[in-house]
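Please look over the sequence and the structure shown below before reading on. The briefing that follows moves from the overall form to the inside of the fold.

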Amino acid sequence: MPESATACNCTVCRRYGSLWAYDFENEGITVAGPSKCYTRGKAIEFHFCPTCGCVAFWRAQRVDDEGRRRIAVNLRLTEPGPIASLPIDHFDGLDSFDDLPRDGRRLRDLWF
């Protein structure tokens with residue numbers, strides 16, 4: 001279970017309407033099955049379900065200095081009940097590239 005969900009306002013995440021749970025590939029997050037990829041710039045890949053077209057996850061194109069690859073799954077693809085109490089973190093991916101303070105909202109505030 002993730003600790004929180006992140007809402008990003010960058011040009012891509014805002015259009016996809018995604019809420020992300022972050023970790024490292026094959027550590028806290030493992031993905032399986034086919035996907036179609038959209039590569040954005042030199043840093044990030046967005047992966048989509050080849051059947052329905054939903055954005056499923058993104059992952060870094062490169063591993064970090066410790067050999068780990070950052071990844072995030074789209075929590076909007078899960079059932080809302082089990083994750084309803086997760087706090088929402090906000091990330092300003094549009095202007096400052098900074099984490100913003102929590103405002104107390106939880107996923108249930110968006111979905112119910």
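**Overall form**

With 112 residues, the protein chain would have a radius of gyration near 13 Å if it were a compact globule, and its value of 14 Å agrees with that expectation. This is a predicted model, and the points below describe it topic by topic.

**Dimensions and surface**

- Along its principal axes, the C-alpha trace of the protein chain spans about 35 × 35 × 25 Å.
- The accessible surface of the protein chain comes to about 7000 Å², and carbon and sulfur atoms account for 49% of that area.
- Among the side chains of the protein chain, 15 are positive and 16 are negative, and the centres of these two sets lie 6 Å apart.

**Elements and contacts**

- The protein chain contains three helices and eight strands, which follow one another from the N terminus in the order β-α-β-β-β-β-β-α-β-β-α.
- Of the contacts in the protein chain with a separation of 6 or more, 46% are between residues 24 or more positions apart.

**The buried interior**

- Buried residues make up 33% of the 112 residues in the protein chain.
- The largest nonpolar core has twelve residues, among them C8, V12, W20, F46, W58 and F91.
- Two or more residues of this core come from each of α1 (11-16), β4 (44-48) and β5 (55-60), and β4 gives the most, with three residues.
- A second, separate core has eight residues, including A5, L19, I88 and L107.

Terms used
Residues numbered from 1 in each chain as written. Predicted model: local features only at pLDDT ≥ 70, side-chain atom pairs only at ≥ 80, totals over all residues. Heavy atoms only, no water. Helix = DSSP H or I, 4+ residues; strand = E, 2+ residues; numbered from the N terminus. Rg over C-alpha atoms; globule rule 2.2 N^0.38 Å. Buried < 20%, exposed > 50% of the residue type's maximum accessible area, 1.4 Å probe, protein only. Contact = heavy atoms within 4.5 Å. Areas by Shrake-Rupley, 256 points an atom, 1.4 Å probe, with all protein chains shown as cover. Lys, Arg positive; Asp, Glu negative; His and termini not counted. Charge placed at Lys NZ, Arg CZ, Asp CG, Glu CD. Core = buried A, V, L, I, M, F, W, Y, C linked by side-chain atoms within 4.5 Å.
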